[in-house]
Amino acid sequence: MTTPARISDARFKTLPRHVAMIMDGNGRWANDRGLPRFAGHKQGAKTVDLVTTECARLGLEALTLYSFSSENWKRPAEEVEVLMALYHEYLVDQRDRMVENGIRFRRLGRRDGLPEEVLRESDACEAATRDCRGMTLCLALNYGSRAEIVDATRDLAIAVRDGKIEPEAIDEAALAAHLGTRDLPDPDLLIRTAGEMRISNFLLWQISYAELVVTDVLWPDFDLEALHAALRTFEGRTRRFGRVDPPPTATDD
Ligand code: IPE
Ligand code: IPE
Ligand code: MG
């Protein structure tokens, strides 16, 4: 069971349209307390609830959470089992709540390898929330960015082979349209918790111009204050996209 998430009344001048998060540090959180790693994952699920509720309240268009990478299969079987059970529980618990809150759910990543019951519940969440018009919540589960790009490339190759598109029609938009994140804006902010300065095969295509915020806070400790701090950091960034800074205007603070 998940606890009801707290809400806040924080306001921002500029918000990202799409936030992506590498939720790291569950194991360290548990280790620090002399607890087994699964205790960190359980606590981390509460953070998912808190962060999702707040991002929806703030009016973000999309939130993408890295929940299980294609590399995470290398973990001990018992840990993988606990994680899969938690995803299942989460999907069962959250379906009605997502509908109530207008959240559109989407799973990113390959189906192959995921337990049947996780796929069933994830499909059910997608179906139940298909017409929701609020925030899109993407759960990256068995997700690897290189695999996603390979799959998109293969889809395009098949379309060319079958005469559906011309090779010349393959451009950035065509490739993006074959990724799991199709029809969503690219993340403008990527937050990684627990301090590691790496991307770990997450959204390599989509984050090409994202602002990066790495916090030392471990995912189970990532609270509203930490989320707002990351959003304030984003607010203070100058995004140039290759251009030069615009000259200051009279209306600038
Ligand atoms: C993130 O926390 C959760 C998953 C990758 C599923 P970790 O389990 O990686 O925590 P650390 O990095 O060992 O602290
Ligand atoms: C990244 O965390 C994957 C998820 C958060 C699901 P990891 O803990 O697996 O990353 P590495 O192995 O330290 O790069
Ligand atoms: Mg980790």
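Which side chain has an N or O atom 2.7 Å from an oxygen atom of ligand 1? I looked it up: the side chain of Arg 75. I note that the model is predicted, with local features needing pLDDT of at least 70, side-chain atom pairs counted only at pLDDT 80 or more, and totals for chains, interfaces and linings using all residues. Residues are numbered from 1 along each chain as its sequence is written, chains are lettered from A and ligands numbered from 1 in the order in which they are written, and side-chain values use heavy atoms, with hydrogens and water left out.

**Entry 1: ligand 1**

I took the shell first. A residue belongs to it if one of its heavy atoms lies within 4 Å of the molecule. Ligand 1 has 13 residues around it, and Asp 24, Gly 27, Arg 28, Arg 37 and Arg 75 are the closest.

I then looked for polar contacts, meaning pairs of N or O atoms within 3.5 Å; within protein, one must be able to donate a hydrogen and the other to accept it, and residues adjacent in sequence count only if both atoms are side-chain atoms. Arg 28 places a polar side-chain atom 2.8 Å from an oxygen atom of ligand 1. Gly 27 uses a polar backbone atom instead, at 2.9 Å from an oxygen atom of the ligand. On its own ligand 1 has 380 Å² of accessible area, and the protein covers 87% of this. Such areas come from the Shrake-Rupley method with a 1.4 Å probe; for residues, only the protein chains shown count as cover.

I sorted the shell by element, where helices (H or I, at least four residues) and strands (E, at least two) are DSSP runs numbered from the N terminus. H1, H2 and H3 each give at least two residues to the shell around ligand 1. H1 has the largest share, with 3 residues.

I also sorted by class: Ala, Val, Leu, Ile, Met, Phe, Trp, Tyr, Cys and Pro count as nonpolar, Asp, Glu, Lys and Arg as charged, and the others, Gly among them, as polar. The shell of ligand 1 holds 3 nonpolar, 6 polar and 4 charged residues.

**Entry 2: ligand 2**

I listed its neighbours next. They include Ile 22, Met 23, Asp 24, Tyr 66, Asn 72, Arg 75 and Arg 192. Strand S2 (residues 62–69) supplies the largest share of this shell, 4 residues. The classes come out as 4 nonpolar, 4 polar and 4 charged.

I found side-chain contacts to oxygen atoms of ligand 2. Ser 200 has a polar side-chain atom at 2.7 Å. For Arg 198, an N or O atom of the side chain is 2.8 Å away. For Asn 72, the value is 2.9 Å. The protein buries 79% of the 390 Å² that ligand 2 exposes when taken alone.

**Entry 3: the largest pocket**

Where do the ligands sit? Ligand 1 takes up the largest pocket, and ligand 2 sits in the largest pocket. A molecule sits in a cavity or pocket if more than half of its atoms lie within 2 Å of its grid points.

The search uses a 1 Å grid over the protein atoms alone: a cavity is a set of points where a 1.4 Å probe fits but cannot get out, a pocket is an open set with protein on both sides within 12 Å along at least five of seven lines, and lining residues have an atom within 4 Å of a point. Points are joined across faces, edges and corners, and a volume is the space filled by probe spheres set on them.

The largest pocket holds about 650 Å³ of space. It has 29 lining residues, with Met 23, Asn 26, Tyr 66, Ser 67 and Asn 72 closest to its centre. Helix H1 (26–32), H2, S2 and H3 each give two or more residues to this lining. H2 gives the most, 5 residues. By class I read 12 nonpolar, 9 polar and 8 charged.

**Entry 4: the second largest pocket**

I read about 340 Å³ of space here. Its lining has 17 residues; Arg 107, Leu 108, Gly 109, Gly 180 and Arg 182 are the closest to the centre. H5 gives the most, 4 residues. The lining has 4 nonpolar, 5 polar and 8 charged residues.

**Entry 5: the cavity**

I found 1 cavity of 30 Å³ or more. The largest cavity has a volume of about 60 Å³. Its lining includes Asp 49, Tyr 90, Arg 97 and Leu 137. H3 gives the most to this lining, with 4 residues.
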